[in-house]
Amino acid sequence: MRTTLRPRKAAVTFTALTTLAALALAGCGDGTAKDPEAKPTGDLSLKGEKIEVAAVWTGPEQENFTKVLKEFERRTGATVTFVPAQDPIVNFLGTKIEGNSPPDVAMLPQVGAIQQAAAQKWLKPVGPEVKAQLAANYSRGWQELGAVDGTQYGVYFKAANKSLVWYNTAVFENAGATEPKTWKEFLATAETISASGVTPVSVGGADGWTLTDWFENVYLSQAGPEKYDRLAKHEIKWTDPSVAAALTTLAELFGKPSLLSGGTSGALQTEYPASVTQTFTGGAEPKGAMVFEGDFAAVNIAQTEAKIGTDAKAFPFPKVGDAGTVPVVTAGDAAVALKDTRGAQALLAFLASPDAAKIWAEAGGFLSPNKNLDPAAYPNDVQREIAEALIGAGDDFRFDMSDQMPQSFGGTPGKGEWKALQDFLKNPKDVAGTQARLEADAAKAYRAAAKG
C-alpha cells in the first residue's frame, strides 16, 4: 500500500483582497475550527453575502454536502442556499440563465457539461486564490479536467472510483467463493453463487448511467487506454470492432437472466440505489450477491444494517482477457462559478481545500481527488484503500467516458448511450444493432456540439 499522505499547507501569500475563506484555509489545516463560536471579522468577511449553489444531489449526498456549506457559512458569515437541480443540469442552468437568475455556483457532474457551459460563456474563470489551492492540492490531470482551452473553470470536489464490485461477504462465505481477478473468474464466481441459491449480480438498469459504467470498464480493460480516449472523442466510430468486442463480453453476463437479480426485466426496473441496498439486505439471502458501482455505493450501504469492511467489501473490476489490464475509471463533480463574485470565488477556494474534503470524507460515501486530504479522514479501511488507490494512480486514470461526451449523448436519461445500453440489456444478442444506434446518436450529438 502506498505511504499515507499527510496534509500540507499551501505555500501561498495572500493579498489584502484575499477572501476570508482562503485565509481560513491556510490557517486551519486540520479541517476544524479552533473556536466553534468564532465569527468572521474584518474587511475580508463575507457577512451579508448570499450564495446559491445548484447540484443534482439528493438524499444523503445532499445532506453531506450541506454540512460542507454550513462550515463555509460559519467561517465566512455568508449565507449559502442549496438549489436542487434537475438532471441534466446544463438544461436546468440554461433555464435559470434565460430567466436571469443563475446560481452563483453549480456542481457539474460531466466534463462535457463543463465544456458545454464554457462554450455558452456561462462560466467565470477561477481567481488566483482558487488557482493556488488547485496547484497545491491537485494533480495536473484533475486540474486539466476542469479547464477548457487552457482556462481554468472547475474545481473537482467529489471524485469517484468507478471500477469496483461490492459484495455480500456472507453470501461469498456460504458459497465458498473468492474475489475474482479476471472476467472469466468473475463469471465463474457468479455461477458458483447461483448454485448456492442466491442470484449473483444486482444491476441498476433503470438508471442508464450504470450501464455506461459497465461498458467503460470492459472497454478500457479490453481495448486499452488509447482506443478509450479516441472513442471518448468520437475519433473512432461506435461501429468499430473494439466496441463489438466489449458488447459481446458484456453479453456473457447480460445474456444470462438467471445471473441477474430479477432477471432482465427486474434489472431494467431496478434503480441504482435499490441495486445496492438489495445486495446488503436479507443477511445471507439477499436479492443479489454482488453489485458493480463506485465508491459512492457506501452511502447506500450505510442505509442498510451491513457494515463496510465486515458485511460488505469490494474488489477491483476484473480485467478482461489475457492481455487486458485492471481498469481505473473515475468520475467527479466539479464546482464552477456562474457569477463573478467574491462569494463564488471564496466557495470554490474552500472546496479546493483539504478542509472541505475532510468534512464529507468523515461522513462516508465520498472520495476526494485532493492529494493533501489525510486518508485517516475516511471512516473505514475499505474506503481508505479506495481513496489511496485513486491518489496513488496520479494521472494514470481514465475519466468516465460518457461524462466526456456531449450531454445529449452521454448524460441524458432515456436518450443516446443510456437508452441504447438499456435496449442492449433487454436484447444483448443485438450487438450490431446496438452499435448502429450508438453511432447514429453519437454522430448527431457531436455535430450539434461542434456547431455550438
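# Close-up views of a predicted model

**Figure 1. Packing of helix 9 against helix 10.** Helix 9 and helix 10 pack with their axes 7 Å apart, at an angle of about 135 degrees. An angle of that value makes helix 9 oblique to helix 10. On the side of helix 9, the contact is made by Phe215, Glu216, Tyr219, Leu220 and Ala223. Helix 10 contributes Pro225, Lys227, Tyr228 and Leu231 to the contact. By class, the residues of this contact divide into seven nonpolar and two charged, with no polar residue. The model shown here and in the other views is predicted.

**Figure 2. Packing of helix 9 against helix 20.** The axes of helix 9 and helix 20 are 8 Å apart, and the two helices pack at an angle of about 80 degrees. Helix 9 and helix 20 are therefore roughly perpendicular to each other. Gly208, Trp209, Leu211, Thr212 and Phe215 of helix 9 make the contact with Glu417, Trp418, Leu421, Gln422 and Leu425 of helix 20. The contact of helix 9 with helix 20 comprises six nonpolar, three polar and one charged residue. Phe215 is listed in this contact and also in the contact of helix 9 with helix 10.

**Figure 3. Packing of helix 11 against helix 20.** Helix 11 (residues 241-254) packs on helix 20 (residues 416-426) at an angle of about 50 degrees, and the axes are 10 Å apart. This angle makes helix 11 oblique to helix 20. Leu247, Leu250, Ala251 and Phe254 of helix 11 meet Leu421, Phe424 and Leu425 of helix 20. The residues of the contact divide into seven nonpolar, no polar and no charged. Leu421 and Leu425 of helix 20 take part in this contact and also in the contact with helix 9.

Figure 4. Strand 7 (residues 164-168) pairs with strand 9 (residues 290-292) in the antiparallel sense, over three bridges. Opposite Trp166 stands Val291 in strand 9.

Figure 5. Two cavities of 30 Å³ or more are found in a search of the whole structure. The second largest cavity has a volume of about 40 Å³. Its lining consists of Ser202, Val203, Gly204, Thr210, Trp214, Tyr272, Ser275, Val291, Phe292 and Glu293. Helix 9, helix 13 and strand 9 are the elements that give two or more residues to this lining. The lining residues of the second largest cavity divide into five nonpolar, four polar and one charged. Val291, a residue of this lining, is the residue that stands opposite Trp166.

**Figure 6. The largest pocket.** The volume of the largest pocket is about 1200 Å³. The pocket is lined by 38 residues, of which Gly112, Gln115, Gln404, Met405 and Pro406 are the closest to its centre. Among the elements that give two or more residues to the lining are helix 3 (89-98), helix 4 (111-119), helix 10 (225-232) and helix 21 (431-451). Helix 21 gives the most, with seven residues. The lining of the largest pocket divides into 18 nonpolar, 12 polar and eight charged residues.

**Figure 7. The second largest pocket.** The second largest pocket has a volume of about 880 Å³. Of its 33 lining residues, Val56, Trp57, Glu61, Trp209 and Tyr272 are the closest to the centre. Elements that give two or more residues to the lining include helix 2 (59-76), strand 6 (155-161), helix 9 (208-223) and strand 11 (329-337). The lining residues of the second largest pocket divide into 14 nonpolar, nine polar and 10 charged. Tyr272 also belongs to the lining of the second largest cavity, and Trp209 also belongs to the contact of helix 9 with helix 20.

**Figure 8. Backbone geometry in two loops.** The peptide bond from Asp87 to Pro88 is cis, with omega near 5 degrees. Pro88 lies in the loop that joins strand 2 (79-84) and helix 3. Lys121, a residue other than glycine, has a positive phi, near 60 degrees. Lys121 is placed in the loop between helix 4 and helix 5 (128-137).

Notes
Residues numbered from 1 in each chain as written. Predicted model: local features only at pLDDT ≥ 70, side-chain atom pairs only at ≥ 80, totals over all residues. Heavy atoms only, no water. 1 Å grid on protein atoms, 1.4 Å probe; cavity = no way out; pocket = protein on both sides within 12 Å on 5 of 7 lines; lining within 4 Å. Points joined across faces, edges and corners; volume = space filled by probe spheres on them. Helix = DSSP H or I, 4+ residues; strand = E, 2+ residues; numbered from the N terminus. Nonpolar A, V, L, I, M, F, W, Y, C, P; charged D, E, K, R; others polar. Axes fitted to C-alpha atoms, helices over the stretch in contact; angles between N-to-C directions. Parallel < 35°, antiparallel > 145°, perpendicular 65-115°, else oblique. Contact = heavy atoms within 4.5 Å. Pairing = 2+ DSSP bridges.
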